[in-house]
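Please find below a short note on the structure under review. The points are set out by site, so that each can be checked against the coordinates in turn.

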Amino acid sequence: MRARMLARIFSATLWGVEALRVEVEVDNSPGAFLTRVVGLPDAAVRESLHRVSTALQNAGFRAPTGRTTINLAPADLRKEGPSFDLPIALAVLGATDQLGSPHTEEFWALGELALSGELRPVRGVLPAVMEAKRLRAKHMLLPTANAAEAVVVGGIRIHPARSLAEAAAFLRDPEASPQPDGSNDPSVIDHPPELDFADVKGQLAAKRALEIAAAGGHNVLLIGPPGSGKSMLAQRIPTIFPSMTLDESIEATRIHSVAGLLPNGVGLLRQRPFRAPHHSTSDAGLVGGGPRLMPGEISLAHHGVLFLDELPEFGRNALEALRQPLEDGRLTLSRAAGTVTFPASFMLVAAMNPSPTGGFDDAARGKCTPAAMRRYLNRISGPLLDRIDLHVEVPAVDRQLLLRPEPAESSEGIRGRVERARASQAQRLSGRRKIHSNARMGPREIARFCVLSPACGNFLSTAISELGLSARAFHRILKVARTIADLAGREELREEDLAEAIGFRSLDRRIWGE
Ligand SMILES: Nc1ncnc2c1ncn2[C@@H]1O[C@H](COP(=O)(O)OP(=O)(O)OP(=O)(O)O)[C@@H](O)[C@H]1O
Ligand SMILES: [Mg+2]
């Protein structure tokens, strides 16, 4: 009679955007038929057993007989999702002597099995491969559809398999697997090429604000009546965005990988994300979390733009939940098992009408009641407004202007200035990890890089006290002024930079009152 056999392989589970190592151990011994899973598996992992046993048979293997125990360790770690199908199936094959004597311990495996034995892509492959590499794993088995994001990491052998049978073959003979192509296709999430700032007539102040915002990563609120071009302006931001650094690209890709939103065959996102969730999006959909602990829109917008059109239509809870990420660049959620942190360093672009009826002075003109006006404006809290660096008026466009044939400045011209301004920031901030733009500077960087002459210092403190601005607003004005100087190609800050930055903080006073 056959003796008891044990097989072991590694896999990973997600915790936020981190992948954590999981050891998959399968023990098979003679005795009455019994299969059990231990180690805190969730419902999806339990379901995996049914898929695995059917897939094994359809792939031409024997389903296990006798007693089979599947252990997922460490036991106290939450394990979620269908990605354990492949490692469980492979460990079952090892424990039932169907693989010869492979070194399964050197392998990590991830993948969902179809009943036919084919492998389906799973989410979170990029962080899993990064973690495997960190722990010096040698081989990674995964579904072919996930290969592009896996090869981004380098330094670990990737074995892309189409089916369980293929994965088992690579486990027996690791040299047999095809080497995935290391060339990463650029992201296909592209802005439609027909969009260009040249289409937007007039609105020079709003365009200037968006140029500053894109150059320094500052938050911006566009306020204007219906049809003034707010949505039109915001949709064109991706056309003037600076390119992402490799670090930023990997971080953004990791989040899309965890959310299962990487398009097939895309290894790295090359373009900054532009997310425009509708105001009917659930709170969890917007900020993240929910039962499956998924990144929300604010994290998908990491290193890019979160565009909230019709800002007051968003739920109050959702808007208040933006406050922490707007300040820290990340969202922390508490769960029974501990806290999870999702990166969420995005540039907020919001648009709204100045009144429920649309016009700037509608309450004064009797078009809406002052109470209705209050209710409408109160949906946007003071602390949220305080976190928006640039408040911009977008007035109704002059009809004469719309008829003018000559196009405005193209996105390409604006983008050139934005790129140059980013390049000087990158140089100045090199050596500061995780800070790539003026908007992300902390108090230490502000003290060092936004040095004011005595005259400028007086100018700013007078403005701050006259406008009754907060300490937060003070720091934010300095950062915007830094970007304005960078756009002008200057290292020193001048009074004119401060004046322009302060000007972007006065519209809210006119609309919301003191
Ligand atoms: N400055 C402009 N130059 C050229 N076309 C414009 C301009 N402003 C508005 N338009 C035209 O008007 C349309 C409506 O603009 P848009 O949807 O951006 O307005 P909005 O400010 O977002 O309005 P709402 O408050 O109703 O959402 C545009 O699609 C465009 O055709
Ligand atoms: Mg609009």
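The points below take up the ligand site, a histidine, the aromatic pairs and an aspartate in turn.

1. The structure is a predicted model. The values in the points that follow should be read with this in mind.

2. Surroundings of the ligand. The shell around ligand 1 holds 16 residues, of which Lys201, Gly227, Lys230, Ser231 and Met232 come nearest.

3. On its own, ligand 1 has 640 Å² of accessible area, and the protein covers 68% of it.

4. Histidine 139. This residue is placed in strand E8, residues 139-143. Is histidine 139 buried or exposed? Its relative accessibility is 12%, and because buried means under 20%, histidine 139 counts as buried. Its side chain makes a polar contact of 2.8 Å with the side chain of histidine 159. Beyond its neighbours within four places in sequence, histidine 139 is in contact with Glu106, Phe107, Trp108, Ile156, Arg157, His159 and Pro174.

5. Aromatic pairs. How many aromatic pairs does a search of the whole structure find? The search finds 2. In one of them, the ring centres of phenylalanine 10 and tryptophan 108 are 6.4 Å apart and the planes stand at 35 degrees, so the pair is tilted. Phenylalanine 10 belongs to strand E1 (residues 5-15) and tryptophan 108 to strand E5 (residues 107-109), so the pair ties together parts 98 residues apart in sequence. Both phenylalanine 10 and tryptophan 108 are buried. Tryptophan 108 is also among the contacts of histidine 139.

6. Aspartate 199. This residue lies in the loop between helix H5 (164-172) and helix H6 (204-216). At 34% relative accessibility, aspartate 199 counts as partly exposed. Not counting residues up to four places away in sequence, aspartate 199 touches Glu194, Met232 and Arg236; Met232 is also one of the residues that come nearest to ligand 1.

Terms used. Residues numbered from 1 in each chain as written. Chains lettered and ligands numbered in written order. Predicted model: local features only at pLDDT ≥ 70, side-chain atom pairs only at ≥ 80, totals over all residues. Heavy atoms only, no water. Near = heavy atom within 4 Å. Areas by Shrake-Rupley, 256 points an atom, 1.4 Å probe, with all protein chains shown as cover. Helix = DSSP H or I, 4+ residues; strand = E, 2+ residues; numbered from the N terminus. Buried < 20%, exposed > 50% of the residue type's maximum accessible area, 1.4 Å probe, protein only. Polar contact = N/O pair within 3.5 Å; in protein donor to acceptor, adjacent residues only side chain to side chain. Contact = heavy atoms within 4.5 Å. Phe/Tyr/Trp six-rings, centres within 6.5 Å; stacked < 30°, edge-to-face > 60°.
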